[in-house]
2 protein chains.
Amino acid sequence: MEIEELVQQLQQLLEAKEYRKLRELTEDMQPADLAEAMEEMDVQQRLLLFRLMKKDVAAEIFAWLGQEARGELIEKFSDTELTAALEEMALDDAADILEEMPASVVKRVLAKSSKKTRDSLNRLLNYPADSAGSIMTPEYIRLRKDMTVTQALDVIRREGENSETVYTLYVTERNKLLGVVSARDLLLAGPDQTMEELMDDNVISVQVTDDKEEVANELNRYGFIAMPVVDSEGMLVGIVTVDDATDVLIEEATEDFERMAAMQPSEDSYFATSVFKHARNRIPWLLVLMLSATFTGMILTHYEAAFAAMPLLVSFIPMLMDTGGNCGNQSSTLMIRGMALGEIEPKDILRVVWKEFRVALLVGVVLAVVNGVRIWIMYGDFMIGVLIAVTLLAAVVIAKLIGCMLPLGVQKVGLDPALIASPFITTLVDACVITVYFTIAVQMFSALQG
Amino acid sequence: MEIEELVQQLQQLLEAKEYRKLRELTEDMQPADLAEAMEEMDVQQRLLLFRLMKKDVAAEIFAWLGQEARGELIEKFSDTELTAALEEMALDDAADILEEMPASVVKRVLAKSSKKTRDSLNRLLNYPADSAGSIMTPEYIRLRKDMTVTQALDVIRREGENSETVYTLYVTERNKLLGVVSARDLLLAGPDQTMEELMDDNVISVQVTDDKEEVANELNRYGFIAMPVVDSEGMLVGIVTVDDATDVLIEEATEDFERMAAMQPSEDSYFATSVFKHARNRIPWLLVLMLSATFTGMILTHYEAAFAAMPLLVSFIPMLMDTGGNCGNQSSTLMIRGMALGEIEPKDILRVVWKEFRVALLVGVVLAVVNGVRIWIMYGDFMIGVLIAVTLLAAVVIAKLIGCMLPLGVQKVGLDPALIASPFITTLVDACVITVYFTIAVQMFSALQG
């Protein structure tokens with residue numbers, strides 16, 4: 001169904017005070033669609049609808065709402081309502097939402113929650129923002145190794161409602177993770193087989209402090225529905241499910257796109273971000289890059305005599321700068337993306353440099369020949385053609401080496417390589433290219449000296 | 001386990017001819033790890049190992065191998081071996097692999113396959129490369145609406161082994177999709193409840209011809225494990241599972257990164273791509289952009305008289321070009337990413353232009369004031385400061401408008417917006433900025449005229 005239609009339908013029912021129909025409709029809808037429709041409505045309508053829905057539906061919708069729409073609701077909520085919603089929600093979603101709220105609200109909510117919820121939430125809130133702990137949920141199903149399939153199915157029936165997934169089940173002994181059983185194994189096995197027979201004891205797990213992006217990559221690499229998370233003593237503390245992992249991968253790719261375009265990453269969608277916030281996300285890096293580009297300008301000023309004597313030299317500057325920048329971006333993009341996907345690591349730096357060097361020679365020679373010949377023919381000046389060809393070859397090699405080494409080096413010292421994003425590499429490459437260009441020019445055309 | 005260790009262990013067992021142990025080990029390992037280890041080994045070892053493994057393990061590993069490693073194996077395979085491997089594999093994986101192979105091999109393989117497999121493969125192979133049909137699998141579990149939970153569990157037990165997932169089950173009537181039941185619903189329900197009672201008949205499905213990226217976005221949006229795919233008559237023809245969808249999202253993001261850095265996308269990882277192929281992927285766009293950047297050069301040549309009279313003007317060119325390029329990239333990146341995630345559509349163009357215009361004014365004023373004042377102070381020339389400030393403001397507005405309109409326009413005519421990537425926008429913006437700069441300069445300093 002189109003979202004606009006759904007919004008209209010909801011609003012008509014609200015106006016007609018058809019509350020029973022509304023309640024039934026909201027139970028039938030996909031939470032994602034319902035949340036999107038509610039975001040289009042004003043906060044009073046949203047609040048009314050929220051109060052009409054069944055408690056568990058309401059809690060689920062609350063988790064699906066965008067940050068802005070949710071924030072407006074929270075302001076209107078009583079503490080009791082907020083606590084009730086959080087109690088009904090999946091714990092990892094509740095923790096994510098609490099993280100966005102002011103500390104005073106968090107404190108009040110935690111005080112009103114049940115002890116069990118409070119303990120779990122506190123634990124989740126204390127994990128570092130980018131760790132596996134921050135995206136995991138402690139709501140999974142634990143089985144004992146001596147349980148039969150029938151007993152295990154009973155446990156699922158009893159606890160399934162409150163578990164994030166019933167498709168991957170964990171066999172533990174005093175919280176120690178012994179093995180993994182899938183619901184598929186249970187469904188295909190005989191009723192008297194035990195978990196010990198069925199479980200895979202060669203368990204892949206991640207540490208609670210591991211970076212969430214790595215965890216998401218691992219989970220996807222193995223094609224899992226859920227990945228178990230253990231603490232430093234091998235105790236099972238939670239699971240990360242495939243939908244959370246996919247969200248992390250999409251979010252991280254979006255952040256890399258934004259960083260590489262010299263922006264501070266935004267958590268909200270394009271339209272949900274205000275004009276002012278867009279400007280604030282974009283100005284800082286533009287300022288830094290604008291001011292650092294003046295160094296390239298200073299280098300140019302240094303060669304004023306050269307281009308005063310031969311103004312034609314200036315007309316090749318944009319082409320040389322752009323080509324250098326593009327070559328650098330190609331290499332840095334491959335590095336940044338390769339590192340994000342776990343295919344390239346900082347220890348590969350020598351292999352990478354050697355590979356990029358050979359690629360640069362091939363690329364450089366092709367560009368140099370094509371443009372050198374073109375210029376020779378167009379301007380009828382062989383020496384200018386040679387100058388441009390040699391500069392292009394040098395520019396491509398320099399750009400590609402900077403483009404591959406800088407991101408790897410930055411990662412090695414523990415920073416995000418996308419931060420030293422393409423535009424910064426462009427600026428650096430520009431300065432190098434201009435220097436090489438005029439140095440060679442002055443050598444070749446002695447008339448330009450002094 | 002580290003992959004290097006696993007490779008050593010496998011090679012030692014191979015040399016010691018411990019074939020039984022090898023067989024046991026390969027059954028215990030994660031397919032992803034085993035495939036990665038086998039990629040590190042030479043093709044003879046890989047072939048031997050492949051022949052030692054149990055048939056179903058071998059088929060699974062075959063699907064996990066990288067394209068290059070798999071190609072080498074295929075060359076060594078007999079037709080019978082290849083057909084056996086493909087018969088054992090999930091049908092969607094088999095179709096993907098067949099797509100890579102030369103037509104003559106495909107023909108021979110299809111001729112040797114069972115009729116049922118051949119029909120399914122033929123159907124999958126005929127769907128367009130970017131459609132839902134190309135990534136779906138026809139191996140899912142169908143239930144009838146009058147079945148009880150006990151009967152449904154029997155079906156799962158019987159057919160689960162050959163189904164891509166047992167976690168989402170489809171209720172059909174003469175192939176028409178009536179509803180969806182999850183394994184969770186079955187596990188939590190009483191044994192005599194019928195599918196009709198349990199199923200959700202408000203089914204979300206996609207068309208077989210829908211773009212695979214949109215399907216992946218939908219699946220992720222709803223947090224599904226699998227998405228049903230129907231043909232134009234509403235008949236269920238297959239399902240797309242969450243792991244395939246995540247792969248599509250990662251692949252598409254990687255393609256966008258590469259296109260935006262002026263490269264032809266590569267299917268293989270950085271190291272698996274040869275130096276020659278890297279060069280071939282990078283040269284075409286560099287050539288196009290290099291040659292189009294000469295237009296900017298020609299515009300510069302046009303103003304030779306101006307910068308001969310006032311050489312200082314030249315030194316601001318890199319800063320103006322880089323800032324314009326960066327501003328354009330910010331906008332185009334947000335558009336391209338927003339469209340990939342389905343947040344922005346071509347019909348939003350007026351809303352986007354109005355938003356970007358306001359952002360550009362804010363950003364432009366800040367950059368103009370900072371740099372104008374800096375130049376006024378550094379060079380003691382108020383007029384130069386004004387010239388740069390006005391040019392910057394114009395450059396930011398032009399760059400942001402081009403940056404947002406071009407990708408949306410390109411999408412509207414059905415092309416990939418990432419193709420008209422950031423570097424192309426940079427080139428266009430450069431030409432505009434240089435023109436504006438010298439036009440204003442000539443107006444302000446009458447001494448520069450003619």
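# Pockets, cavities and sheets in a predicted model

The lining of the second largest pocket consists of ten nonpolar, two polar and three charged residues. The structure described here is a predicted model.

- The volume of the second largest pocket is about 270 Å³.
- Its lining is made up of 15 residues, and those nearest the centre of the pocket are Thr150(A), Leu153(A), Arg157(A), Leu153(B) and Arg157(B).
- Two elements give two or more residues to this lining: helix H12 (149-159) of chain A and helix H12 (149-159) of chain B.
- H12(A) has the largest share of the lining, with five residues.

**The largest cavity**

- Seven cavities of 30 Å³ or more are found in the structure.
- The largest cavity holds about 360 Å³ of space.
- The largest cavity is lined by 27 residues, and the closest to its centre are Met260(A), Asn329(A), Ser422(A), Asn329(B) and Ser422(B).
- In chain A, helix H16 (242-260), helix H19 (317-340) and helix H22 (422-444) each supply at least two residues of this lining.
- In chain B, helix H16 (242-260), helix H19 (317-340) and helix H22 (422-444) also supply at least two residues each.
- By class, the lining of the largest cavity has ten nonpolar, 13 polar and four charged residues.

**The second largest cavity**

- The second largest cavity holds about 170 Å³ of space.
- Of its 21 lining residues, Leu249(A), Ala253(A), Leu249(B), Ile250(B) and Ala253(B) are the closest to the centre of the second largest cavity.
- Helix H15 (212-222), H16 and H19 of chain A give two or more residues each to this lining, as do H15, H16 and H19 of chain B.
- H16(B) gives the most to the lining of the second largest cavity, namely six residues.
- Ten nonpolar, four polar and seven charged residues make up the lining of the second largest cavity.

**Sheet S1-S2-S3 of chain B**

- Strands in a sheet pair through backbone hydrogen bonds, and the pairing can be parallel or antiparallel.
- In chain B, three strands in the order S1-S2-S3 form an open sheet with mixed pairing.
- Strand S1 (142-143) and strand S3 (176-182) of chain B each have a single partner strand, so one side of each has no neighbour in the sheet.
- Six bridges join strand S2 (residues 168-173) of chain B to S3(B), and this pairing is antiparallel.
- Lys176(B) in S3(B) stands opposite Glu173(B).

**Sheet S4-S5-S6 of chain B**

- Another open sheet of chain B has three strands in the order S4-S5-S6, and its pairing is mixed.
- Strand S4 (206-207) and strand S6 (236-241) of chain B are at the edges, with a single partner strand each, so one side of each is left without a neighbour in the sheet.
- S4(B) and strand S5 (residues 226-230) of chain B run parallel and are joined by two bridges.
- Val206(B) has Val229(B) in S5(B) as its bridge partner.
- Helix H15 (residues 212-222) of chain B lies across S4, S5 and S6 of chain B, and runs at about 135° to S5(B).

**Domains of chain A**

- The domain assignment divides chain A into domain 1 (3-134), domain 2 (142-251) and domain 3 (275-448).
- Taken over C-alpha atoms, the centres of domain 1 and domain 3 of chain A are 50 Å apart.

Note on methods: Residues numbered from 1 in each chain as written. Chains lettered and ligands numbered in written order. Predicted model: local features only at pLDDT ≥ 70, side-chain atom pairs only at ≥ 80, totals over all residues. Heavy atoms only, no water. Pairing = 2+ DSSP bridges. Helix = DSSP H or I, 4+ residues; strand = E, 2+ residues; numbered from the N terminus. Contact = heavy atoms within 4.5 Å. Axes fitted to C-alpha atoms, helices over the stretch in contact; angles between N-to-C directions. Domains from an automatic or database assignment. 1 Å grid on protein atoms, 1.4 Å probe; cavity = no way out; pocket = protein on both sides within 12 Å on 5 of 7 lines; lining within 4 Å. Points joined across faces, edges and corners; volume = space filled by probe spheres on them. Nonpolar A, V, L, I, M, F, W, Y, C, P; charged D, E, K, R; others polar.
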